[in-house]
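Work through the exercises below with the coordinates open. Each has a task sentence, followed by a solution in steps.

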Amino acid sequence: MSMISANDLEHLAEIELQKDEEEQGEGPAPTFNAAVTDPSHPYYDVARHGILQVTGDDNYGRKLIVFSSCCMPPSHQLNHQRLLEYLKYTLDQYVESDYTVVYFHYGLRSSNKPSMRWLADAYKEFDRKYKKNLKALYVVHPTNFIKIMWNIFKPLISHKFGKKLTYVNYLAELRDHLDHDQLIIPPDVKRHDEKLRASQKGGPPPSVRVPPPRPPLPTQQFGVSLQYIRDKNNGVLIPPVVSQTVSYLKEKGLHTEGIFRRSARVQLIKDIKKLYNLGKSVNFEQYGDVHVPAVILKTFLRELPEPLLTFALYDQILDITRVESSLRVSTCKHIVESLAEPNYIVLKYLVCFLNMVSKKSLDNKMSSSNLACVFGVNLARPSRGSVSLSALTPLNIFTEHLVEHYHTIFGWRCPASQVLP
């Protein structure tokens, strides 16, 4: 059998895309309420469509970047070169850390698909800097078009990069890898997923089976409130996970380059969480990897039922970009001082440590700005949905001010029971 030429493969890809369109019917409206709405954004012309979202971390402590094809407008309404620049602009903020990409394929059509040349150029533009720390690429709702495209680009794609790709047929399958609730999923993608499940079952789509929550163990540390931990641990003010990880990192991790930017083995993190939740002791020395306690600390903060900075303060935090630069430190101080004492004490303890980390940034490369990119989404989030891309800038600015101006912001309020690292 003769080899299929690249041109033939391109032709096959177009045919498959047309089949997808026929099955999907009318194209989804390319609008999405998680789009960037700030006209001063340097890539507002692209960002306003909501094609790209950055939200929280995945289950392994890696930044989560979502690309939604259904949000792409027709090609004549979108400058694809600007789209490429916007992708790089966004990724540049995160590629020094391990990160994960979720690609929602549904909604890619002949009318909004970038050219083959653009796709090839894009892959080449994303050099080793971008590929090295990409740990997983999930392609959701793949079709034959995707598989043909993979064959077209196979000569360009390294074996190592290919191993990072996972096809995900249904949204429910993402639960094994991601916090499904914090994922920003366009409504069109959700509806498409329901249709797919209905067609598979020959009936109405079954509801995704999520086991009912079990009551927490008395020794539970992850996924329970600060109040619960205090009540079950003789009134301790700093949760054991926080005090133990910070103590270890203060001794062993202050000079580690990229501390808090690396992920750790999935099963190892699960095992350590289980030890904590069963009330068993954890000795980080035995793991021989300073990044393990760093991921555990981020995971603990992310899994709090209510974030450390509370749901009530979220909108005030996002308003920090409306405040004059000269008044931002005092505004942050005012917001933080409105926290209830238990939250304030834990936040002060944590930020005091992060300030120590930032002071060693010549060695560890973790300035207050870099730490803010990592911790902002773990300290604050909305009560419903997840952190949108447009919320990242104010969140990071707020968190950077906390770390950079720790002594000014936290110096005045010193609870009698406060503990510092």
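**Exercise 1. The largest cavity**

Task: Into how many nonpolar, polar and charged residues does the lining of the largest cavity divide, and which elements supply the lining?

Solution. 
- Step 1. The model is a predicted one, and a search of the whole structure gives two cavities of 30 Å³ or more.
- Step 2. The largest cavity has a volume of about 1000 Å³.
- Step 3. Its lining is made up of 33 residues, and those nearest the centre are Tyr103, Leu119, Tyr123, Leu137 and Phe161.
- Step 4. Two or more lining residues come from each of these elements: strand 2 (63-68), helix 3 (80-91), strand 3 (99-104), helix 4 (116-125), helix 5 (128-132), strand 4, helix 6 and strand 5 (165-168).
- Step 5. Helix 6 gives the largest share, five residues.
- Step 6. Sorted by class, the lining of the largest cavity holds 29 nonpolar, two polar and two charged residues.

**Exercise 2. The second largest cavity**

Task: Find which residues lie closest to the centre of the second largest cavity, and sort its lining by class.

Solution. 
- Step 1. The second largest cavity contains about 110 Å³ of space.
- Step 2. It is lined by 13 residues, with Lys63, Ser97, Asp98, Phe260 and Val374 closest to the centre.
- Step 3. Its lining divides into four nonpolar, three polar and six charged residues.

**Exercise 3. The second largest pocket**

Task: Which element supplies the largest share of the lining of the second largest pocket?

Solution. 
- Step 1. The second largest pocket has a volume of about 620 Å³.
- Step 2. Of its 27 lining residues, Asp38, Ser390, Ala391, Thr393 and Pro394 lie nearest the centre.
- Step 3. At least two lining residues come from each of helix 3, helix 17 (368-379) and helix 18 (389-404).
- Step 4. The largest share, nine residues, belongs to helix 18.
- Step 5. By class, this pocket lining has twelve nonpolar, eleven polar and four charged residues.

**Exercise 4. Cysteines**

Task: How many disulfides does the protein have, and is Cys71 buried or exposed?

Solution. 
- Step 1. A disulfide requires two cysteine sulfur atoms within 2.5 Å.
- Step 2. Under this cut-off the count is zero.
- Step 3. For Cys71, the nearest cysteine sulfur belongs to Cys70 and is 4.2 Å away, and Cys71 is in no disulfide.
- Step 4. Buried means under 20% relative accessible area, so Cys71, at 2%, is buried.
- Step 5. Cys414 has a relative accessible area of 47% and is therefore partly exposed.

**Exercise 5. Two residues in their surroundings**

Solution. 
- Step 6. Between the C-alpha atoms of Lys359 and Glu404 the distance is 9.3 Å, although the two are 45 residues apart in sequence.

**Exercise 6. The whole chain**

Task: How many helices and strands are there, and what percentage of residues count as buried?

Solution. 
- Step 1. The protein has 19 helices and five strands.
- Step 2. Of its 421 residues, 53% are buried.
- Step 3. Among contacts with a separation of 6 or more, 79% join residues 24 or more positions apart.

How values were computed:
Residues are numbered from 1 along each chain as its sequence is written. This is a predicted model: local features need pLDDT of at least 70, side-chain atom pairs count only at pLDDT 80 or more; totals for chains, interfaces and linings use all residues. Side-chain values use heavy atoms; hydrogens and water are left out. Buried means under 20% relative accessible area, exposed over 50%, partly exposed in between (1.4 Å probe, protein chains only). On a 1 Å grid over the protein atoms alone, a cavity is a set of points where a 1.4 Å probe fits but cannot get out, and a pocket is an open set with protein on both sides within 12 Å along at least five of seven lines; lining residues have an atom within 4 Å of a point. Grid points are joined across faces, edges and corners, and a volume is the space filled by probe spheres set on the points. Helices (H or I, at least four residues) and strands (E, at least two) are DSSP runs, numbered from the N terminus. Ala, Val, Leu, Ile, Met, Phe, Trp, Tyr, Cys and Pro count as nonpolar, Asp, Glu, Lys and Arg as charged, and the others, Gly among them, as polar. Contact means heavy atoms within 4.5 Å.
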